[in-house]
2 protein chains.
Amino acid sequence: MRPDLTPLGAAVRDWRRRVGAEHVLTDPPILARYGTAVCGQTRDVPAVVRPATAAQVRGVVAAARRHGVPLYPISRGRNWGLGSRLPVRDGTAVLDLSRLDAIREFDEDAHVVVVEPGVTQSALCAFLGARAPWAHPNVTGSSTDSSVLGNLLDRGVGYLSPRMDDLVALEAVLGNGRLLRTGHWGSPGLMGHRWPHGVGPSLNGLFTQSSLGVVTAAAVRVRPRPRRQYGVAVTVGAEDGLRALIDGLRLLHVQETVRTVSHVFDTSRLRTSLNLDGGVWTAFLTAGGSPAVADACRADIEAVLGPVGDVHIEELDPSAAPAPPEPDPVLAARRGVFDLMLGRPTDKAVELLLARSGEPYSPGRVDLSRAGTVFCVQAVPLAGEAACHAVTLARHLGAEHGFEPSVSLNAVSPHTMEFVVNVLFDRREPREAARARAYVTALHHALMAAGFAPYRLGVQDMDVAARPGDAFWDTVADLKHALDPAGIVAPGRYTTV
Amino acid sequence: MRPDLTPLGAAVRDWRRRVGAEHVLTDPPILARYGTAVCGQTRDVPAVVRPATAAQVRGVVAAARRHGVPLYPISRGRNWGLGSRLPVRDGTAVLDLSRLDAIREFDEDAHVVVVEPGVTQSALCAFLGARAPWAHPNVTGSSTDSSVLGNLLDRGVGYLSPRMDDLVALEAVLGNGRLLRTGHWGSPGLMGHRWPHGVGPSLNGLFTQSSLGVVTAAAVRVRPRPRRQYGVAVTVGAEDGLRALIDGLRLLHVQETVRTVSHVFDTSRLRTSLNLDGGVWTAFLTAGGSPAVADACRADIEAVLGPVGDVHIEELDPSAAPAPPEPDPVLAARRGVFDLMLGRPTDKAVELLLARSGEPYSPGRVDLSRAGTVFCVQAVPLAGEAACHAVTLARHLGAEHGFEPSVSLNAVSPHTMEFVVNVLFDRREPREAARARAYVTALHHALMAAGFAPYRLGVQDMDVAARPGDAFWDTVADLKHALDPAGIVAPGRYTTV
């Protein structure tokens, strides 16, 4: 067989030398799987490279630059509904970082854990459970197998805080070949795990929702568990109760009684993510601190939300064993969310998704089953009127497209909610899949026309925000040219170039 | 007179056309004043340009680029002890932004005020006092006349939080001529004043401690006053009480009982900044929230710090008129700090500085009197042992250089303190001034050798951190070349280029 003289052929040979032949995948069926996602899209993936260390990542990036083959870094590839592991553009090789799965360091004194991209929620929680029972993991409701770092870099939202708030410092291989550590992490001493801004420009933000570098590790803050923690569920029995519920949450967040992320789910979200029928709007929140402060917060929450809905409050016990399966669906749903607040990740939502196609859950099946889902994630004011407006838009447009969307609203600051909308569809029906994706794109535009803005984008929707000729995106392009002059890293991901 | 054909001459003519002749200063005595600072250094300042609007700033930057004359932006120029309004390098024209003093917008719904660089602490507080009595200004102890934005951009620390935590979005004129607004501020809609990260790379941090652009406005978060607020003063009677005091503060910050910035002052700082003799270490902190939460915090603080020192706690009343001058120095000092916690800026520290040269305070006199001062600002762990180590180093090195330094330690996160050291000297004695500056530089190096790291740098000390050949600083240089290819903006400020 004659050698493949294309740039891709040369890159593959180079990568094989660097990471071992068995970690460079070019087998068409495997590539087809990497190019298939639960959102119903596909990409032409020419190769997959699976380095095991940051040093190998440097080599892989150097080879990609030399041969002009772009790379799309993924962590665990569980960015379900927003593209999974699909590159933005066809012809981009996937840089699969799941073998970089070390918890490199645990600085108990600074409350920092250094994780690589392949570290999953369950791996981190197991580690902390064994080494630091005082630690309170900040988990999302996505799945046990999703990457802590991957989710952080896309500015995902945990139950305790937006994950980016936990970020102390990053290690990244830049497209220009440099290995950068942000803040004080690059200097010897005590502050690299403590002060996120370092001295000089504060660069962490640059590598979130970004194609400016391949992040190979992050120093992430671990909170101690509050000495007392309450879980709160508030159920509102009427559609028009949403406004007062959100306004009540706003008050609690503004006055800092609640300093974690409150979640509000509609009926459809309760059903699809928590297997719960009934309740029109349900809010889940948590508060805590010293026993005295926690009790004061509890009293505030009761006073503010009591007039708005049915308020259930219970003390959460991190030392209790996970409860046995609960036959009562209301109790089971509540238990599931309270477990997330305690820092115990779950697969509930993806189990329910796969149950639609009659399959048991495994992480690898999500992108291959017939159950499809696609997400629209926007930012809306934490204010009742705005939230109601956004929900109405999502539902009207959903009806036009023939979908009943699932909605959640997550308070990520005292002024902003992450507005998460998704629809389910059958991937065996190409027209249904196309309609679902069209709905999400149209919803982005409709919400933007109403004054809202994207919070996070799926691979199909980067150009909803990123437009050439706009001062912000042209600046991002300038930064991209500076750090990645050959355009090797994730072309098109949160950038116009 | 023949026209000045140098690049500077051409730039001056161009600037005069753009901002009016009276706002381009080239008179040698005026330039000499701009080139003189309380830290005892001088710079050769070839011109001063004073635009009045962001549009004029764009024009001034364009002319500077055309003629190759670099510009050093200042806000109010009150960066006393860290360089005041001195450029890092000789030959840089000063871009004085003090005429951009508009409070452009107050978004009461989003709790955001849009300020230009010339807005002082007192102007903002007066505005909020009239328009939004509910607002709780986050002030520093520097002076009423200092710039809110200038201090924020150097990552200054207010009594409620590091000012950067209040930053929602920035408007900046880049060296390449572009007018950038960060986050969602550049797009129409509701989120520009709400969500700091926007969508895509989060760029705010890039323009703090930075020479990457001329910031012409910022959207800054305004907190509501807590419904109940306590001020706390804790006095420790022995030198070796510092360790337990800091460890107590750490506990209160980690468990989020205290979510503001706690300040710890040594005897010398109490004397030079608060005119208080006595007390060996005094901590000032504040906590609040709803009445129930505030009272719970008060109980926690008493329980944790009661065993450590004399704890005085009182409820702070934002509606009370400023107290009359207080003859008891202990009460007067406490009153002064509690006023800062209430959001009332003061000139106390600079009044005391100028009193050393027998002069009444006015902002313009600080850089011209014989009273000199220079600061070293580092980051140290919020931990008793580390704090004691840093203090010991500062004092030993102070004794070697013939100074008694003033020290404060300010908790800027649950894991980091800003360690602020300064010495006073007589500017009529050039050797004393040189010795003071040598002490500060030596102290930076000694603290770094002990594992600490710079928090903020004076103009004389940029190269303490910024070194070519280092991956972090080379990346900053790449970013600088991308956004300011002609090197027009603040050469040498937190950059090697």
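Q: What counts as a helix here?
A: A helix is a DSSP run of H or I, at least four residues in length. In this predicted model, A:Arg18 is found in such a run, helix α1 (residues 7-19) of chain A.

Q: Why is A:Arg18 called partly exposed?
A: Its relative accessibility is 31%. Buried means under 20% and exposed means over 50%, with partly exposed in between. The value of A:Arg18 falls in that middle band, so partly exposed is the class.

Q: Which residues does A:Arg18 touch, leaving out those up to four places away in sequence?
A: They are A:Gln56, A:Gly59, A:Val60, A:Ala63 and A:Arg66.

Q: What makes the pairing of A:Arg18 with the backbone oxygen of A:Gly59 a polar contact?
A: A polar atom of the A:Arg18 side chain lies 3.4 Å from that oxygen. The cut-off for N or O pairs is 3.5 Å, so the pair is within it.

Q: How far from A:Asp154 is A:Arg18?
A: Their C-alpha atoms are separated by 28 Å. Along the chain they are 136 residues apart.

Q: Is A:Asn422 buried or exposed, and how do you know?
A: A:Asn422 is found in strand β18 (residues 416-426) of chain A. Its relative accessible area is 6%. The limit for buried is under 20%, so A:Asn422 is buried.

Q: What does the side chain of A:Asn422 meet in polar contact?
A: One partner is the side chain of A:Arg269, at 2.7 Å. Another is the side chain of A:Thr373, at 2.8 Å. Both distances are within the 3.5 Å cut-off. Leaving aside neighbours within four places in sequence, A:Asn422 is in contact with residues including A:Val374, A:Phe375, A:Pro405 and A:Ser406.

Q: Which residues of helix α10 of chain B are buried, and what covers them?
A: In α10 (residues 348-355) they are B:Val350, B:Leu352, B:Leu353 and B:Leu354. The cover includes α7 (267-274), β16 (371-381) and β18 (416-426) of chain B.

Q: How do you know that chain A and chain B share an interface?
A: 75 residues of chain A are in contact with 75 residues of chain B. The two chains bury about 6000 Å² between them, 64% of it on carbon and sulfur atoms. A:Trp195, A:Val199 and A:Phe472 supply 12% of the area that chain A buries, more than any other three residues.

Q: What makes B:Arg178 and A:Asp478 a salt bridge?
A: Their closest N and O atoms are 2.8 Å apart. The rule asks for a Lys or Arg side-chain nitrogen within 4 Å of an Asp or Glu carboxyl oxygen, so the pair passes. Across the interface the rule finds 4 salt bridges.

Q: How many residue pairs are in polar contact across the interface, and which element gives the most to the side of chain A?
A: Elements giving two or more residues to the side of chain A include β9 (179-181), α6 (242-254) and α14 (471-483). α14(A) gives the most, with 10 residues. By class, that side has 38 nonpolar, 23 polar and 14 charged residues.

Key. Residues numbered from 1 in each chain as written. Chains lettered and ligands numbered in written order. Predicted model: local features only at pLDDT ≥ 70, side-chain atom pairs only at ≥ 80, totals over all residues. Heavy atoms only, no water. Contact = heavy atoms within 4.5 Å. Buried area = accessible area lost by both parts, 1.4 Å probe. Nonpolar A, V, L, I, M, F, W, Y, C, P; charged D, E, K, R; others polar. Buried < 20%, exposed > 50% of the residue type's maximum accessible area, 1.4 Å probe, protein only. Polar contact = N/O pair within 3.5 Å; in protein donor to acceptor, adjacent residues only side chain to side chain.
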